[in-house]
Amino acid sequence: MFYRETGQFKTNYADDMAIFPIRQDRIGIAIIIAIALILPFVASDFVLKTILLPFLALSVAVIGLNILTGYTGLISLGSAGFMGVGAYACYKLTTLFPEVNIIIWIFASGFFAAAVGVFFGLPSLRIKGLYLAVATLAAQFFLQWAFVRIPWLFNYNPSGAIEVPLRTLFGVPITGPTAELEVKYLICLGFVIGMTWLASNLVHGRIGRSWMAVRDMDIAAELMGIKLLNAKLLAFAVSSFFCGVSGALFVFLYLGGAEAGTEFAIRLSFLILFAVIIGGTGSMIGSFFGTAFIVALPTILKFGAPAIGIAITGATAEKIVLMIIGALTIYLLIVEPHGLARLWQIMKQKLRVWPFPY
Amino acid sequence: MLHVSPNTATTGIAKGEVLLSVENVSLRFGGVKAISDVSFDILKGEVRAIIGPNGAGKTSMLNCINGFYFPQEGHITYKGVRRQKVRPHEAASSGIARTFQNVALFKGMTTLDNIMTGRTLKMNVGLFWQLLRHGPAMREEIEHRRKVEDIIDFLEIQAIRKIPVGKLPYGLQKRVELGRALAMEPELLLLDEPMAGMNLEEKEDMCRFILDVNQTFGTTIALIEHDMGVVMDLSDRVVVLEYGRKIADGTPDVVKADQKVIDAYLGVAH
Ligand SMILES: Nc1ncnc2c1ncn2[C@@H]1O[C@H](COP(=O)(O)OP(=O)(O)O)[C@@H](O)[C@H]1O
Ligand SMILES: [Mg+2]
């Protein structure tokens, strides 16, 4: 297989500005989508349930945080909180208006998360870096508290949990206990493809450039006429929108029910941030690499290690996972801020010039 | 050639009239007086040099003009309007662009994206179409890409179009930064030591670009520069600052012959 751009001349700017200007890249994307469509029918239920579904649901949040942290340079530890807002909004909406299709509500729940995100993003005009991280941490704790303490959010359910009701699309159950895993997977996949497309459109245009300008040199950005507050708040809004949709997918299509105190806790916020760093800040494809890493590693360790004769308990595996992810994150922060996405680029560059070294 | 042009028609200021005037401006940082009671003006269409030893307050003066600093005393009149506290993005939308002494490019972005960012104020298709990257958003993007390609051709930087600017040598970075400022189609262009750290050939190129911009599009330029040769060649009038005060103002020949300027540059003790 040859990965070359030779002979593919761009005769107009639209072609040159395409998100995948090289034909082989476009073919590659088509193949990946085709595989993703076949996957649920060949993968075991176990793989679907423990790896593929959480991978799809979380990748939307990782893209969301990447927009905020990777593209705009603002750190947030509130991602899980914003996911929770999406999940609870979706729950309230579908129980209040059950006749509206759940897919619409999953999407709409993003707007609630966006509004909350903008509110907690307000301090970002004044504070940066570590201080902003602390401010978003406060958002995380406040939201976590609200999910537990405001019984209206979970419809006064005595268990304090969301119980995902049965909802259908064209008569086929897509949420709730009777929905097939394959169906849930395909719905999730649809969201992931759609949201990725929107995000990558956005980051390649004027708005994406203003975000990166704010990230790279905010005083010069201001001098281009970019209003810092607007750019930052828009980043918070879009980022939280993605987190909100991710949270709704996470509960409605993956978990099937959730207790906010445990699911949308600070640990998840950190994992999402680590996925952004491991995958590569400011990279869409990196977001998927990072998500795959944080989702697959625990499962591989928990079930893979005993298979090759290393006896570890679930709890130990859990700790080892955190250690590996933490160490890798620190390593990448110091050595390669563009994460796994950078390796991917190097590989593509090598392929482009192959068989020559440069 | 470059097809961008500043919109002279809308401002109503003719060539040779006062575009910007600085009146009795003083700026303090705590106890440090960076600028003391300085007045001068910039005429539409001229190249105005600001020179002086290090720490004289030249950069601070540009920062006052484009809204990074607010002078404690005095005021600045731009296009006949006396400005109250102007924010940098307001200065930008009123037609002031600038480059920085220490290159303030967007390091992680390509040359193309850096210069495209200079078009931000001229682009206004909203979030909805941006999300779809179709229709009006794509049309706008292509229209501005065309302008940016003109600037890239003008500055002879075609080969580095898609390279992240952080990886470029310093001389080229300065050139990209000029390109980004030009993309704003400014009426007043402030250049803070555009040739610092360049070799002779790069300096000559930069001089040529600056003169071209000034002569072809009538862009007014305020320029800080240390190389006296360059200043004498490029500028119509020169203002000299020393320790935050204005010590001379006039044509290059007059300023060059001024005893106070000679003392300041030869480092005579005061
Ligand atoms: N942000 C600032 N805070 C404190 N002092 C400053 C600041 N900016 C400039 N100064 C001081 O103002 C004086 C003039 O600086 P500057 O305008 O950079 O000089 P020049 O550009 O002529 O070399 C210097 O003494 C400098 O230390
Ligand atoms: Mg200076």
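## Close-up views of a predicted two-chain model

**Figure 1. The second largest cavity has a volume of about 50 Å³.** The model is predicted, and three cavities of 30 Å³ or more are found in the structure. The lining of the second largest cavity consists of Asn201(A) and Gly205(A) together with Gln130(B), Arg133(B), Ala137(B), Met138(B) and Glu141(B). By residue class, this lining comprises two nonpolar, three polar and two charged residues. Helix 6 of chain B, residues 136-154, is the main contributor to the lining, giving three residues.

**Figure 2. The second largest pocket has a volume of about 550 Å³.** Its lining is made of 22 residues. Nearest the centre of the pocket lie Tyr254(A), Arg267(A), Leu271(A), Ile294(A) and Pro298(A). Six helices are named here as suppliers of at least two lining residues each: helix 3 (45-71), helix 10 (228-255), helix 11 (260-263), helix 12 (266-279), helix 13 (284-307) and helix 14 (314-335) of chain A. Helix 13 of chain A has the largest share, with six residues. The lining of this pocket divides into 14 nonpolar, three polar and five charged residues.

**Figure 3. Glu187(B) and Lys44(B) form a salt bridge.** The closest N and O atoms of the pair are 3.1 Å apart.

**Figure 4. A salt bridge joins Glu185(B) to Arg119(B).** Here the closest N and O atoms are 2.7 Å apart. Distant parts of the chain are linked by this pair: Glu185(B) belongs to the loop between helix 7 and strand 7 of chain B, and Arg119(B) to the loop between helix 4 (111-117) and helix 5 (127-132) of chain B, 66 residues apart. Glu185(B) has a relative accessibility of 13%, and therefore counts as buried, the limit being under 20%. Arg119(B) counts as buried because its relative accessibility is 2%.

**Figure 5. Six residues of chain B are linked in a network of salt bridges.** The members are Asp41(B), Glu46(B), Arg48(B), Arg237(B), Lys246(B) and Asp249(B). Over all chains, a search of the whole structure gives 22 salt bridges. Side chains of opposite charge can pair when their charged atoms come close.

**Figure 6. In chain A, Arg215(A) forms a salt bridge with Asp216(A).** The closest N and O atoms are 2.9 Å apart. Arg215(A) has 27% relative accessibility and so counts as partly exposed, a class that lies between the 20% and 50% limits.

**Figure 7. Chain A contains 15 helices and four strands.** The C-alpha trace of chain A spans about 65 × 55 × 45 Å along its principal axes. For 358 residues, a compact globule would have a radius of gyration near 21 Å; the value for chain A is 21 Å, so the two agree. Of the 358 residues in chain A, 52% are buried. Among contacts in chain A between residues at least 6 apart in sequence, those joining residues at least 24 apart make up 74%.

Definitions and conventions:
Residues are numbered from 1 along each chain as its sequence is written. Chains are lettered from A and ligands numbered from 1 in the order in which they are written. This is a predicted model: local features need pLDDT of at least 70, side-chain atom pairs count only at pLDDT 80 or more; totals for chains, interfaces and linings use all residues. Side-chain values use heavy atoms; hydrogens and water are left out. A salt bridge is a side-chain nitrogen of Lys or Arg within 4 Å of a carboxyl oxygen of Asp or Glu. Buried means under 20% relative accessible area, exposed over 50%, partly exposed in between (1.4 Å probe, protein chains only). On a 1 Å grid over the protein atoms alone, a cavity is a set of points where a 1.4 Å probe fits but cannot get out, and a pocket is an open set with protein on both sides within 12 Å along at least five of seven lines; lining residues have an atom within 4 Å of a point. Grid points are joined across faces, edges and corners, and a volume is the space filled by probe spheres set on the points. Ala, Val, Leu, Ile, Met, Phe, Trp, Tyr, Cys and Pro count as nonpolar, Asp, Glu, Lys and Arg as charged, and the others, Gly among them, as polar. The radius of gyration is taken over C-alpha atoms; the globule rule is 2.2 Å times the number of residues to the power 0.38. Contact means heavy atoms within 4.5 Å.
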